[in-house]
Amino acid sequence: MRFAPYDCPPGYAPLSLGSLAAGLIALAAHGRPTWRNLERELSRLYSPDAMLLLDSGTSALALALLATRPSYPGPTAVPAYCCFDIVTAAVGSEESLLFYDVDPLTLQPDLRSLERALRSGARKVLVTHLYGHPVDPRPLKPLLEEHDCLLIEDAAQGFGATVAGRPAGALGPLAVLSFSRAKGVTGGSGGALLGYGDKASARLESVTEAVRSGKHGWRAWVTGVSSWTLARPSTYGLPRRIPALHLGETLYREPTPPSTLSLAAAGILSRSFSLALAAVNGRRETAELLTRVLSAHNDVKVLTPAAGCRSSYLRLPTLLQGAALDRARKNGGKLGIASGYPSVLPSLSQARELTVNPTDGFPGASELVARLFTFATHERVGRRGLRLTERWVQTL
């Protein structure tokens with residue numbers, strides 16, 4: 001008897017037939033009840049004072065930068081190691097950037113590097129909760145107060161993570177969420193901008209005119225159906241072999257005008273939050289098992305969250321060297337082992353046009369580019385995936 005193929009996607013956000021059906025119902029009902037349900041769910045989880053539901057996390061970040069520019073004119077400090085969509089949002093909002101380095105062992109901001117960026121004129125600081133490991137804003141508070149800077153959270157990868165019991169996405173005045181494929185919770189596409197404090201409503205209202213009316217969202221629904229169907233080890237090899245899909249690749253995408261969340265995405269999301277919250281506990285258990293397996297090898301360093309932070313382990317981040325690094329590059333893909341971002345953000349040509357400090361060195365970010373690989377933690381890894389990963393480590 002032959003075993004079924006095993007080709008594990010590196011990330012997956014839980015979906016169900018019920019959530020996909022809710023997307024169709026939202027299309028038929030023009031989304032009105034679904035939008036209210038989604039807003040109530042976000043209010044229950046994050047308790048924001050204002051929110052905008054948008055077509056993507058990238059649009060949410062671009063609007064956050066626009067909304068804060070009148071009160072905080074000047075560049076935004078962003079980590080040198082993070083998603084390329086950060087640059088897309090900056091290009092779309094015509095925001096200048098100052099980069100700061102990242103601690104490669106904790107994924108927290110390098111405070112010395114961040115202070116240099118603030119002394120160079122940054123008025124806003126963007127922190128990113130990479131791979132479910134949240135950034136603790138408390139050590140940043142003295143610097144932010146000294147330089148009169150505003151904190152913006154990129155919580156696109158932070159669903160389910162907490163800092164001192166508070167959810168990532170509710171740690172500062174503004175937070176960006178993403179609901180795209182393989183995030184903690186998905187609607188096939190989508191994002192949100194959350195605001196906190198007495199200025200939240202005014203800030204978000206100031207950018208509503210820049211938001212176009214969203215589409216019905218058939219593409220988001222098809223994306224959800226495809227993910228539910230094909231993002232499993234027995235079938236993922238099919239889409240992964242289609243170059244046009246660019247699965248597993250990190251690409252720069254040109255900005256598009258922000259629009260409202262599509263009807264289908266709102267419907268899918270209205271039934272996905274309970275699934276996503278339950279999945280966080282499963283990912284933590286899988287990450288704990290993988291950590292025990294991986295920590296037995298000297299060529300693998302598992303990155304742990306900072307003190308007081310609880311990761312949601314969207315993926316399990318590691319630093320590899322020697323045999324583990326070579327093997328991960330050659331044959332880790334089928335086990336859901338994926339490399340991180342392929343370059344530091346300041347090296348992107350689009351970023352260089354906006355960057356105030358392009359010649360600064362970023363050794364921590366450069367080390368992450370060279371050595372960081374993530375291991376899949378989602379529900380579809382399964383026992384077979386854990387056994388195969390253990391065997392992979394044992395044969396290094």
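Author: In what follows Lys and Arg count as positive and Asp and Glu as negative, with His and the chain ends left out, and each charge is placed at NZ of Lys, CZ of Arg, CG of Asp or CD of Glu. This is a predicted model, in which local features need pLDDT of at least 70 and side-chain atom pairs pLDDT 80 or more, while totals use all residues. Residues are numbered from 1 along the chain, and side-chain values use heavy atoms, without hydrogens or water. The 43 positive and 32 negative charges of the chain have mean positions 10 Å apart. The chain contains 15 helices and 14 strands (DSSP runs of at least four and at least two residues, respectively). Of its 396 residues, 55% are buried (under 20% relative accessible area, 1.4 Å probe).

The largest nonpolar core has 49 residues, and those touching the most other members are Leu61, Tyr81, Phe99, Ile152, Leu193, Leu345 and Leu372. Such a core joins buried nonpolar residues through side-chain atoms within 4.5 Å. At least two of its residues come from each of several elements, among them strand 1 (50-54), strand 5 (150-154), helix 7 (200-205) and helix 14 (363-371). Helix 3 gives the most, namely seven residues. Beyond its neighbours within four places in sequence, leucine 345 is in contact with Pro79, Ala80, Cys82, Cys83, Phe84, Ile86, Val87, Phe99 and Ala351 (heavy atoms within 4.5 Å). A second, separate core of 23 residues includes Tyr46, Leu177, Ala266 and Ala276.

Technical notes: Buried means under 20% relative accessible area, exposed over 50%, partly exposed in between (1.4 Å probe, protein chains only).
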